[in-house]
Amino acid sequence: MKGREVLKFQSEVKRLLDILVYSLYKNREIFLRELISNAVDALNKIQFEMLTDKYIEDRDIELRIDIKTDKDKNMLIVEDTGIGMTRKELIDNLGTIAHSGTIDFLKRAEKRKKGEELDLIGKFGVGFYSVFMVAKEVRILTKSFRKGSSGYLWVSQGGEEYTIEKSKKEKRGTRIEILLKDDAKEFLEELRIENIINKHSKFVPFPIYINGKPFEKKPPIWSQPKSSLKEKDYHEFYKYLTNFEEKPLAYLHLSADAPFQFHALLYVPDTSLEFIELFKKESGVDLYSRKVLIQKHSKDIVPEYLSFLKGVVDSEDIPLNISRESIQDDAVVVKIRKHITKKFLEHIKKIKKKDFELYLKIWKKFGRKFKEGIISDFDNRELLSELLLFESLNGGEGKFIDLEEYKKNFKEGQTEIYYISGESYSAIEKNPSLEIFKEKGIDVLFCTDPVDEFVLEHLKVFKSYPFKMAESSDIKVGEDKKKDDKELNDFVKYLKELYGDRVGDVRISTRLVKSACTLVNPENSPSIQMEKIMKMMNKDFEITKKIFEINPENPLIKKMQELYKKDKDSEKLKNLAIHLLESQMLREGLIKDLNEYIERSEKIMIESF
Ligand code: ADP
Ligand code: MG
């Protein structure tokens with residue numbers, strides 16, 4: 001038999017242990033949650049392995065978790081009949097950190113100031129190592145389910161190293177013996193232990209025994225009838241599932257028997273998208289078949305754009321022996337996915353109608369995801385379009401409306417849904433293209449999120465009304481009173497020749513009320529914001545030439561027109577006209593070299609004395 005080996009922890013583990021051993025974290029009790037959660041993982045895994053008929057050590061023993069106390073030895077024991085670990089697995093799993101979340105925790109914890117609380121331990125769940133918050137020494141006796149495995153004993157005091165040696169263990173599974181620190185004796189009290197389990201581990205899907213006595217356990221919440229459950233039950237289960245302290249923003253419990261059987265419990269978390277993206281691996285809904293966990297954090301049972309959801313789907317119709325690779329295309333999975341996606345979106349739509357404040361919270365966190373759905377989920381495009389919210393010209397900054405409300409407030413004769421994009425509400429609000437809309441009281445949707453324009457272009461219409469960019473040259477809003485004015489038309493022609501191919505066209509504006517001029521988009525071309533994004537992605541992308549519109553009622557344009565009448569070759573007029581165009585181009589960020597512009601400005605200034 002090989003003797004005892006002394007091994008060193010990976011340096012990250014060592015750093016983590018340094019933090020945990022001396023931490024004054026007041027919720028130390030979560031160490032038990034973490035150990036039970038590992039036991040559950042190990043039991044889930046053995047259950048999954050047992051679906052195949054390969055050899056498994058002690059195939060017939062009960063799948064259970066035992067918690068035992070030994071007051072004389074100051075020892076708490078957590079034992080499971082899960083997959084166990086081989087020597088290599090002990091080293092790989094407990095001597096190193098594989099978990100990106102834990103590394104992230106480590107970085108944050110090390111940056112924290114002295115005395116500051118480690119409140120992230122609870123949220124991140126630093127896993128097994130959290131046991132060193134309460135342990136002087138930890139001994140793990142484990143035996144893998146693999147054929148012919150022998151038992152191993154792992155021992156550490158949470159310092160720089162640990163030892164491993166072969167050791168006799170009767171049955172498959174893992175036994176963790178915790179020699180408690182002197183100030184952690186509370187964890188030997190049965191009541192305290194029951195209390196912690198009730199708080200954090202109530203929904204564990206395997207029997208737990210405390211000193212041999214079965215701890216009362218309910219059947220999985222998702223399989224119980226809705227009528228027997230209270231909001232509190234749903235919130236407690238959510239906390240068990242996520243470790244999040246905050247209540248979920250919304251949840252949906254679905255059950256069906258035909259044409260396929262399933263239970264689903266879906267939660268909208270009250271946490272930022274960034275947080276979820278950071279832990280992408282941990283987001284997603286857990287997929288069970290007949291109460292056996294088939295895939296944790298499944299990416300297949302809800303569409304990608306809803307992967308921020310937490311929860312459980314359990315179906316008797318998903319074959320138990322399904323391979324993880326083929327889940328996505330399994331016919332039953334596809335049907336359930338479609339069904340719950342639709343039901344979920346309908347549920348959200350109901351919330352929007354009943355409790356707009358709450359919906360706004362959901363929208364602010366996950367609206368981006370609904371937009372993503374419009375692009376990727378053809379079946380639910382219409383439903384998703386009803387979830388869209390925008391700020392608008394008439395509503396003012398901070399007030400969000402949906403497309404239905406926009407439609408309700410159509411002005412007489414209005415046949416298009418107008419939108420305009422820009423960086424912020426205040427930046428868009430000053431756009432001269434909006435002058436005619438303001439005058440006529442026609443509302444315009446403000447697209448401040450760069451993806452909005454993609455989304456609207458994708459939708460094309462809402463309830464058969466087309467979307468139209470307010471800056472597009474062919475909007476049907478103002479009327480052209482001056483189109484027969486010959487002198488004005490001559491002046492326009494003059495400008496057109498002067499500007500050459502710097503613009504697509506020069507036109508008399510029907511949208512300007514006060515401003516002298518503006519640049520608008522040719523029919524069906526994307527907005528300048530969008531074009532700039534395309535240019536960023538592709539250097540060779542040619543920005544579409546804009547159309548220059550002038551307002552004949554504006555005093556500056558009137559003066560220039562007079563000057564033109566007097567002297568068609570005026571150098572001063574030429575400078576003013578170029579300056580007029582370049583000022584607009586500057587506003588749109590279409591001028592890179594400012595030298596000429598500044599030189600001309602100074603010339604115009606000097607002439608004004
Ligand atoms: P996580 O559970 O997030 O993977 P932990 O630090 O809690 O991280 O556990 C690290 C790893 O140690 C687990 O992934 C698992 O492989 C192994 N492990 C821990 N406890 C057990 C156990 N009771 N049975 C089998 N393996 C375990
Ligand atoms: Mg764990």
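Ala, Val, Leu, Ile, Met, Phe, Trp, Tyr, Cys and Pro count here as nonpolar, Asp, Glu, Lys and Arg as charged, and the others, Gly among them, as polar. By these classes, the lining of the second largest pocket has 8 nonpolar, 5 polar and 10 charged residues.

The model is predicted, with local features requiring pLDDT of at least 70 and side-chain atom pairs counted only at pLDDT 80 or more, while totals for chains, interfaces and linings use all residues. Residues are numbered from 1 along each chain as its sequence is written, chains are lettered from A and ligands numbered from 1 in the order in which they are written, and side-chain values use heavy atoms, with hydrogens and water left out.

Domain bounds come from an automatic or database domain assignment. The chain is divided into domain 1 (5–214), domain 2 (221–359), domain 3 (388–469) and domain 4 (486–607). Between the C-alpha centres of domain 1 and domain 2 the distance is 28 Å.

Pockets and cavities are found on a 1 Å grid over the protein atoms alone: a cavity is a set of points where a 1.4 Å probe fits but cannot get out, a pocket is an open set with protein on both sides within 12 Å along at least five of seven lines, and lining residues have an atom within 4 Å of a point. Grid points are joined across faces, edges and corners, and a volume is the space filled by probe spheres set on the points.

The second largest pocket holds about 580 Å³ of space. Its lining consists of 23 residues, and those nearest the centre are Ser421, Gly422, Glu423, Gln529 and Lys532. Two or more lining residues come from each of helix 13 (425–429), helix 15 (450–459) and helix 17 (528–537); helices (H or I, at least four residues) and strands (E, at least two) are DSSP runs numbered from the N terminus. Helix 17 provides the largest share, 7 residues. Domain 3 and domain 4 each contribute at least three residues to this lining.

**Ligand 1**

The shell around ligand 1 has 11 residues, the closest being Asn38, Asp80, Asn93, Gly127 and Phe128; a residue is near a molecule if one of its heavy atoms lies within 4 Å of it. By class, the shell has 4 nonpolar, 5 polar and 2 charged residues. Helix 2 (30–49) and helix 3 (87–94) each supply at least two shell residues, and helix 2 gives the most, with 3.

| Side chain | Ligand 1 atom | Distance |
|---|---|---|
| Asn38 | oxygen | 2.8 Å |
| Asp80 | nitrogen | 2.8 Å |
| Asn93 | oxygen | 3.0 Å |

On its own, ligand 1 has 530 Å² of accessible area, of which the protein covers 79%; accessible areas come from the Shrake-Rupley method with a 1.4 Å probe, and for residues only the protein chains shown count as cover.

**Cavities**

The whole structure contains 5 cavities of 30 Å³ or more. The largest cavity has about 50 Å³ of space and is lined by Lys202, Phe203, Val204, Pro205, Lys217, Lys218, Pro219, Pro220 and Ile221. Its lining divides into 6 nonpolar, no polar and 3 charged residues. For the second largest cavity the volume is about 40 Å³, and the lining residues include Phe203, Lys218, Pro219 and Ile221.

**Backbone details**

Most residues other than glycine have a negative phi, and most peptide bonds are trans. The peptide bond from Ala258 to Pro259 is cis, with omega near 0°, and Pro259 lies in the loop between strand 10 (250–256) and strand 11 (262–268). Asn74 has a positive phi, near 60°, in the loop between strand 2 (65–70) and strand 3 (75–80).

Technical notes
A polar contact is a pair of N or O atoms within 3.5 Å; within protein, one must be able to donate a hydrogen and the other to accept it, and residues adjacent in sequence count only if both atoms are side-chain atoms.
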